[in-house]
Amino acid sequence: MGYDNLRLEKGMYRQGGKSFSQVLESLDPSENYRGTALEGTDAFQRQLKRFGIRAKGAGSSPVEKFFATSDSAVLFPEYIARTVRAGMEENDILPSIVATTTVIDAMDYRSIYSAMEDGDRELKDVAEGAAIPTTEIKTKEHLVSLSKRGRMLVASYEAIRFQKLDLFGVMLRQIGAYIQKQQLKDAVNVIINGDGNNNAAASFTVGTSPISGTKGTLTYDQMVEFWGQFDPFTMNCLLCSTPTMTKMLKIAELQNPQTGLNFQGTGVFGTPLGAQLHRTGAVGDDVIIGLDKRYALEQVKAGEVLVEYDKLIDQQLERAAITAISGFAKICDGAAAVLNV
């Protein structure tokens, strides 16, 4: 069956365990288009082509193009979900601080952790006939807290029917950016305070042992001492607010020509300590979060971006909720710490 004669219906959004795109892909596999002009497109993109819907660019279609037929109207919720996801992915810091992402098809999730004492982290020699040291994997006592974040899209069909999808997509990407910003706040909260399983990050303060200096003042010495608290992990990521980042940029040791050249050329600031620095309003002023991004945090998602497809298809927009459900869990104790300047 070719892409141009598929029967589309809103029930394709309800097939358990599969997204709309996955259902489309099962009916119209992309592998069938290798060596053709449509190679590199997915099943949804081929449906847009089928109905002559252009989603981007100066020649983008008006919103009403989706509602030209009952089949093409079924594509509208997926278009919204994809565009919102694109907004979430723009300037998204989460992939840089999350060690792994777990997608679940439920509202309850219990993560696991490695129950190791300090001595268990050493790989000692095992004598002949002696027992091999064990690493016990346990489930956490408390469930991961999942939060629904989203926005209500309110607009009459008459108000937007003639608007170009390129402009409408900007509004949708902004919704995605709002959702992503809130999810980052959730992640920062779990890093600092833990996930309910008595695993808050270690907190250090400038001027209080083992961090030297005077509270309110940040120097290279304090950065090195903070870095030293991560053994056996590696501090390879830093999160801080704009005012705190400004203080860090004024540290003489961070003003070497190569560091400045990289920052000016790419906008990405790497510290001499080998950690990637990310600026975010999710962290309070005079607070620096350091972590080993390989071991610190797990993101748990209950599916992808959800859109109320019934209202979008049958009532031609009006009101529709766009939501994403996610939560975060700490993985390894000691892989994240907080420095209070």
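**Note on the predicted model: aromatic pairs, salt bridges and overall build**

1. Phe66, Phe67, Phe76, Tyr79 and Phe168 come together in one aromatic cluster, where rings of Phe, Tyr and Trp (its six-membered ring) are paired if their centres lie within 6.5 Å, and planes under 30 degrees apart count as stacked, over 60 as edge-to-face and the rest as tilted. This is a predicted model, in which local features need pLDDT of at least 70 and side-chain atom pairs count only at pLDDT 80 or more, while totals for chains, interfaces and linings use all residues. Residues are numbered from 1 along each chain as its sequence is written, and side-chain values use heavy atoms, with hydrogens and water left out.

2. On confidence, pLDDT is the predictor's confidence in each residue, from 0 to 100, and the chain averages 87, with 91% of the residues scoring at least 70. Among the elements of the chain, the lowest mean pLDDT, 56, belongs to strand S7 (residues 269–270), whereas the highest, 97, belongs to strand S13 (residues 336–340). Where pLDDT is low, the predicted coordinates should not be read in detail.

3. On the overall build, the secondary structure comes to 11 helices and 13 strands; helices (H or I, at least four residues) and strands (E, at least two) are DSSP runs, numbered from the N terminus. The C-alpha trace spans about 70 × 55 × 40 Å along its principal axes. Of the 341 residues in the chain, 41% are buried, a term that means under 20% relative accessible area, with exposed meaning over 50% and partly exposed in between (1.4 Å probe, protein chains only).

4. On contacts and surface, 77% of the contacts between residues at least 6 apart in sequence join residues at least 24 apart, a contact being heavy atoms within 4.5 Å. The chain exposes about 18,000 Å², of which carbon and sulfur atoms supply 48%; accessible areas come from the Shrake-Rupley method with a 1.4 Å probe, and for residues only the protein chains shown count as cover.

5. The structure holds 10 aromatic pairs. One of them joins phenylalanine 66 and tyrosine 79 in a tilted arrangement, 5.2 Å centre to centre and with 40° between the planes. Phenylalanine 66 lies in the loop between helix H2 (43–50) and helix H3 (70–73), and tyrosine 79 in helix H4 (residues 76–89), so this pair ties together parts that are 13 residues apart in sequence. Phenylalanine 66 is buried, with a relative accessible area of 0%, and tyrosine 79 is buried too, at 4%.

6. Another aromatic pair, formed by phenylalanine 204 and phenylalanine 226, is edge-to-face, with 6.4 Å centre to centre and 70° between the planes. The pair links distant parts of the chain, since phenylalanine 204 sits in strand S5 (residues 202–205) and phenylalanine 226 in helix H8 (residues 220–227), 22 residues apart. Both phenylalanine 204 and phenylalanine 226 are buried.

7. Leu167, Val170 and Met171 make a nonpolar surface patch of about 250 Å²; patches are made of residues with over 30% relative accessible area and no salt bridge, like charges being joined within 9 Å and nonpolar side chains (Val, Leu, Ile, Met, Phe, Trp, Tyr) within 5 Å. Methionine 171 lies in helix H7 (residues 165–193) and, at 42% relative accessibility, counts as partly exposed.

8. Side chains of opposite charge can pair when their charged atoms come close. The structure holds 12 salt bridges, each a side-chain nitrogen of Lys or Arg within 4 Å of a carboxyl oxygen of Asp or Glu. In one of these, the side chains of arginine 82 and aspartate 42 meet at 2.9 Å, N to O. Arginine 82 lies in helix H4 and aspartate 42 in the loop between helix H1 (20–27) and H2, so the pair ties together parts that are 40 residues apart in sequence. Arginine 82 is partly exposed, with a relative accessible area of 22%, and aspartate 42 also counts as partly exposed, at 22%.

9. Glutamate 64 and arginine 161 meet in a salt bridge at 2.8 Å, N to O. This pair links distant parts of the chain, with glutamate 64 in the loop between H2 and H3 and arginine 161 in the loop between helix H6 (157–160) and H7, 97 residues apart. Glutamate 64 is partly exposed at 23%, and arginine 161 is partly exposed at 28%.

10. Arginine 85 forms a salt bridge with glutamate 78, their closest N and O atoms being 3.8 Å apart. Arginine 85 counts as partly exposed at 22% relative accessibility, whereas glutamate 78, at 6%, counts as buried. Salt bridges that share partners join Asp42, Glu78, Arg82 and Arg85 into one network.
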